[in-house]
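Trainee: I have a chain open here and would like to go through it with you, starting with some side-chain contacts. Could you keep the answers plain?

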Amino acid sequence: MADTSQRAKANMEVVLEEACRSLPHGGDHAVRAFIAQRLTDAVQAGRTTLGELGIVARKALADYQHHC
């Protein structure tokens, strides 16, 4: 279980950085926190692969930009 949690955390970090790469200065705290919360929710729901989390992160970024 610990290995899965560590892998999920590492995957979350990778996709967060990828999602924020196009933002000025890598994104501010608010957008990063918004995406991170969506990623955390996804992991808790069992979605832990890079592909799954990448989709979640990109959708979260689009949602955030749409609402701002």
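Trainee: Leaving aside neighbours within four places in sequence, what is Asp63 in contact with?
Mentor: This is a predicted model, and in it Asp63 is in contact with Phe34 and Arg38 once the neighbours within four places in sequence are left aside.

Trainee: Is Asp63 buried or exposed?
Mentor: Asp63 is buried, because its relative accessible area is 18% and the cut-off for buried is under 20%.

Trainee: Where is Asp63 placed, and which residues of H3 are buried?
Mentor: Asp63 sits in helix H3, and the buried residues of that helix are Leu53, Gly54, Val56, Ala57, Ala60, Leu61 and Asp63.

Trainee: What about the span of H3?
Mentor: Helix H3 has 18 residues, 50-67, which at 1.5 Å a residue should span 26 Å, and the C-alpha atoms at its ends are 25 Å apart, which agrees with that expectation.

Trainee: Back to Arg38, then: where does it lie, and what does it touch?
Mentor: Arg38 lies in helix H2, and, not counting residues up to four places away in sequence, Arg38 touches Val56, Ala60 and Asp63. For Arg38 and Ala60, the separation is 22 residues in sequence and 6.7 Å in space, C-alpha to C-alpha.

Trainee: Switching to the core, which residues touch the most other members of the largest nonpolar core?
Mentor: That core has 15 residues, and Ile35, Leu39, Leu53 and Ala57 touch the most other members. The elements giving two or more residues to this core are helix H1, residues 2-20, together with H2 and H3.

Trainee: Take Leu39 from that list; what is it in contact with, leaving aside its neighbours within four places in sequence?
Mentor: Leu39 is in contact with Met12, Val15, Leu16, Leu53, Val56 and Ala57 on that basis.

Trainee: How far is Gln37 from Ala57?
Mentor: Gln37 and Ala57 are 9.7 Å apart in space, C-alpha to C-alpha, and 20 residues apart in sequence. Gln37 is found in helix H2, residues 29-44, and is partly exposed, with a relative accessible area of 45%.

Trainee: On H1, is Asn11 buried or exposed?
Mentor: Asn11, which is found in helix H1, is buried, with a relative accessible area of 12%. Not counting residues up to four places away in sequence, Asn11 touches Thr48, Thr49, Leu50 and Leu53.

Trainee: Now the backbone: what is the phi of His25?
Mentor: His25 has a positive phi of about 60° although it is not a glycine. For background, most residues other than glycine have a negative phi. His25 lies in the loop between H1 and H2 and counts as exposed, at 84% relative accessibility.

Trainee: Zooming out, what pattern does the protein chain follow along the sequence?
Mentor: The pattern is α-α-α, and the secondary structure comes to 3 helices and 0 strands.

Trainee: How does the radius of gyration compare with that of a compact globule?
Mentor: With 68 residues, a compact globule would have a radius of gyration near 11 Å, and the protein chain has 12 Å, which agrees. Along the principal axes, the C-alpha atoms fill a box of roughly 35 × 20 × 20 Å.

Key:
Residues are numbered from 1 along each chain as its sequence is written. This is a predicted model: local features need pLDDT of at least 70, side-chain atom pairs count only at pLDDT 80 or more; totals for chains, interfaces and linings use all residues. Side-chain values use heavy atoms; hydrogens and water are left out. Helices (H or I, at least four residues) and strands (E, at least two) are DSSP runs, numbered from the N terminus. The expected span of a helix is 1.5 Å times one less than its number of residues. Buried means under 20% relative accessible area, exposed over 50%, partly exposed in between (1.4 Å probe, protein chains only). Contact means heavy atoms within 4.5 Å. A nonpolar core is a set of buried Ala, Val, Leu, Ile, Met, Phe, Trp, Tyr and Cys residues joined through side-chain atoms within 4.5 Å. The radius of gyration is taken over C-alpha atoms; the globule rule is 2.2 Å times the number of residues to the power 0.38.
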